[in-house]
Amino acid sequence: MERKKFRFRKVVNDIPLNYKFSLIYIIGVLLPIIIINLVFLDRISDLIKSREQQNLEISLERARKDIHDFIEGGVAVSYTLSADKNLYELLERTYGNSIEFYDTFDEQLRGRMNSYMPVNNQIERITVFTNNDSIVSGSNYQVINEKVMNSEWYKQSKAANKHLFLAAYHMSDISSVISTAPYLSVIERMDAYSSYNKFEKLLRIDLDLSKIYDVIIREKDYLSLYLVNEQDEIIMSAQSGYQRGTTEPYPVFKLQDDERKEDVHIVPVGGASYIKGWRIIGITQGERIAQAIMEIRIYAGILASIVTLITTAFLYVMLRIYDVIIREKDYLSLYLVNEQDEIIMSAQSGYQRGTAEPYPVFKLQDDERKEDVHIVPVGGASYIKGWRIIGITQGERITQAIMEIRIYAGILASIVTLITTAFLYVMLRSYNYRVKRLSRHMQKVSNEKFELIRIDEGQDEIGGLIRNFNRMTTTINSLINDVYKLEIQKNNLEMERVRAELNFLQSQMNPHFLFNTLNAILVVCTKNNYSDVTDIIKSLSKLLRRLLSWKEDLVTLEEEMTFIEMYLKIEKFRFRDKFDYQFEIDEQSLQYKIPKLSMQPLVENSCKHGLQAIEGLGVIKVKTLVEEGRLKVTVSDNGKGIEPEKLQELLGNVQNEASSGTNIGIRNVYRRLELYYEDQVRFDISSVPDEGTIVTFDIPLKLLERKNS
């Protein structure tokens, strides 16, 4: 073992210094740099591929969800219309002539379809087709004639033999009979009611292809997207768009020769039966990943070149110092020796002057080693044969020089290492920190936590990716909040409507019994000429009938005033001379629609709490006015009024959604107005003790519907 160790050391010691420095450079510096760069590049390439793969999955799912939502919106409208029993009745009716149909159209059919368009802006057109020949074709209602039966979509509906399905086809453009245009439609048979199956009825909802194409184009930086149906036909793609001006069949999707299977990503549009087989196919934009990897490789190559240049300069300095050391004469103690080994001259003693002693004989000192002695002959002539120059290495000086070189090399190596390490640390931290933050936030997205990455993202590809991620999470948050708030508002509105109905219905008797009893009393009063009682019973009967029929939430102010007048007649009959009422009605206000029973609870509250506790004549005044672009409604009385403390408590209870028990009528009025018109409605209660109370609300006219609008 010792022998092997010795031989290895000898081999190392025998290598010239130039070669040693070269080996140190190649093995100790260049090779580690190359290995590190290769490992670094491989890791970065994997990270880029992983990042791009995540982007592709997010992009594909985002496009799939948007397209699925567009289709589902059309299907939801189709379901709603297919369940409209009144629409069935109108379509099944046989009209005597076109005038009769137009009358029905103006009263009930006009605008019925278009009311769904503002909420579902992905719908381009809604059309109902029927073979009822008494209907006049036009607008959203068409008769199934020979042209319709020969159309591609109608043939598809017959061949599909499904209640509901999605069809892609070409048809003459509505704006130009000469050219053809592509269509994507939700088609449903209207056969929900067996009693209305006299005529065939088909509902066709045409989706706006430009909306879907915008989704496909939006993702073109990551994927080439194709919308494919169950027959593998390309309905739409980022390259060719959607075919216009042609009647040729849709092309069939096939992979090109330069497209690999691993670059193709396929997801179904949805799981419902009517879109079964429909898929979104995404083909990776390979150039994008290759470009990102190439940029990283160029960056790593430049970094490696800088490090190599600095290291080469360092080694060049070391070799130059070595050459100087080899040439420097002061590294040797020289002796001129004759053939008798006598020292004729030396660097230490010079040449002897002023002495007759013989020349000293050359001998090695105890601290001088044989390997440190270097002997060369002065020349080859016979007359100087045996004369030599002996040089003894200055070990201390060499040791000192080597130490200085080591210190210098150590300092230089430390500086270079520190600079390159700091540089690499800054570069890698810039990349690694942002990638880790992005990875953590992507993980949060998978857990439905859509948080923004709040850092200085930079201007490189990672910064762009972070900005896109922030935009995506902001959009998702906004969509979630909008849909959530809309659902809450709809649910609250429905709850208030049901609550208003229940408040009037929960204590009612059987309607038939009640009306039969009132009719019996009315007959007796009429026979006995009780005219006052007869009028009151008629008013009470009309009032109860109106309460029991809640067909619409919105009624004209004229209808509401009629209802209030019937109610006040009954109250006046009760109180006789102690009670009176006055109306100040602006004629313009009668045509506007307001929520049903939004004034009667205020009048009832004045009768119950304001007038019953006073002596003398109690007066209730109802006033409406159109002024400054708003409809103003005021209900006032000259009753006992409300104390300031109780008035503040009343206002708090009215505006508190969780409040229940007292003040239900006023609170219901306030909540329904707020749900219909949000913060645009102004509601106020003012009162002076022993003088009376005034309740006022006003609504912007632009939010109100008008009669026959």
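**Entry 1**

I looked up Asp698 and found it buried, at a relative accessible area of 8% (buried is under 20%, exposed over 50%, partly exposed in between, with a 1.4 Å probe and protein chains only). This is a predicted model, in which local features need pLDDT of at least 70 and side-chain atom pairs count only at pLDDT 80 or more, while totals for chains, interfaces and linings use all residues. Residues are numbered from 1 along each chain as its sequence is written, and side-chain values use heavy atoms, with hydrogens and water left out.

Asp698 makes a salt bridge with Arg630, and their closest N and O atoms are 2.4 Å apart (a salt bridge is a side-chain nitrogen of Lys or Arg within 4 Å of a carboxyl oxygen of Asp or Glu). The pair links distant parts of the chain, 68 residues apart: Asp698 belongs to strand 20 (residues 692-700) and Arg630 to strand 18 (residues 630-637). Helices (H or I, at least four residues) and strands (E, at least two) are DSSP runs, numbered from the N terminus. I also checked Arg630, which counts as buried at 12% relative accessibility.

**Entry 1: other salt bridges**

I searched the whole structure and noted 21 salt bridges. One of them joins Glu584 and Lys621, with the closest N and O atoms 3.7 Å apart. Glu584 sits in strand 15 (residues 579-585) and Lys621 in strand 17 (residues 618-627), so to speak of distant parts of the chain, they are 37 residues apart. Glu584 is partly exposed, with a relative accessible area of 35%, and Lys621 counts as partly exposed at 31% relative accessibility.

I then looked for linked salt bridges and found a network made of Arg62, Asp66, Arg218 and Glu219.

How many residues of strand 6 are buried? I found six of six, over residues 223-228, and the strand is mostly covered. Leu223, Leu225 and Leu227 lie on one side, Ser224, Tyr226 and Val228 on the other, and both faces are covered.

Strand 6 runs antiparallel to strand 9 (residues 279-284), and six bridges join the two (two strands pair if DSSP finds at least two bridges between them). The bridge partner of Tyr226 in strand 9 is Ile281. Strand 6 is also antiparallel to strand 7 (residues 234-237), through three bridges. There Val228 stands opposite Ile234.

The hairpin of strands 6 and 7 has five residues between the strands, and Asp232 in this hairpin takes a positive phi near 65°. Asp232 forms a salt bridge with Arg279, the closest N and O atoms being 2.3 Å apart. Asp232 is in the loop between strand 6 and strand 7 and Arg279 is in strand 9, so the pair ties together parts 47 residues apart in sequence. I noted Asp232 as partly exposed, at 31% relative accessibility.

**Entry 2: strand 5**

I found seven of the seven residues of strand 5 (residues 201-207) buried, so the strand is largely enclosed by the rest of the structure. Lys201, Leu203, Ile205 and Leu207 point one way, and Leu202, Arg204 and Asp206 point the other way.

Strand 1 (residues 123-130) runs antiparallel to strand 5, with seven bridges. Strand 4 (residues 180-189) is antiparallel to strand 5 too, with five bridges. Leu203 is the bridge partner of Val128, and Glu188 stands opposite Leu203.

**Entry 3: the largest pocket**

I looked up the largest pocket and noted a lining of 44 residues, with Lys65, Asp66, Asp69, Ile476 and Leu479 nearest its centre. A pocket, on a 1 Å grid over the protein atoms alone, is an open set of points where a 1.4 Å probe fits, with protein on both sides within 12 Å along at least five of seven lines; lining residues have an atom within 4 Å of a point.

Which helix gives the largest share of the lining? Helix 2 does, with 16 residues. Helix 2 (17-82), helix 9 (395-446) and helix 10 (461-505) each supply at least two residues.

**Entry 4: Leu56**

I placed Leu56 in helix 2. Leu56 is buried, with a relative accessible area of 5%. Leu56 and Thr284 are 228 residues apart in sequence, and 7.6 Å apart in space from C-alpha to C-alpha.
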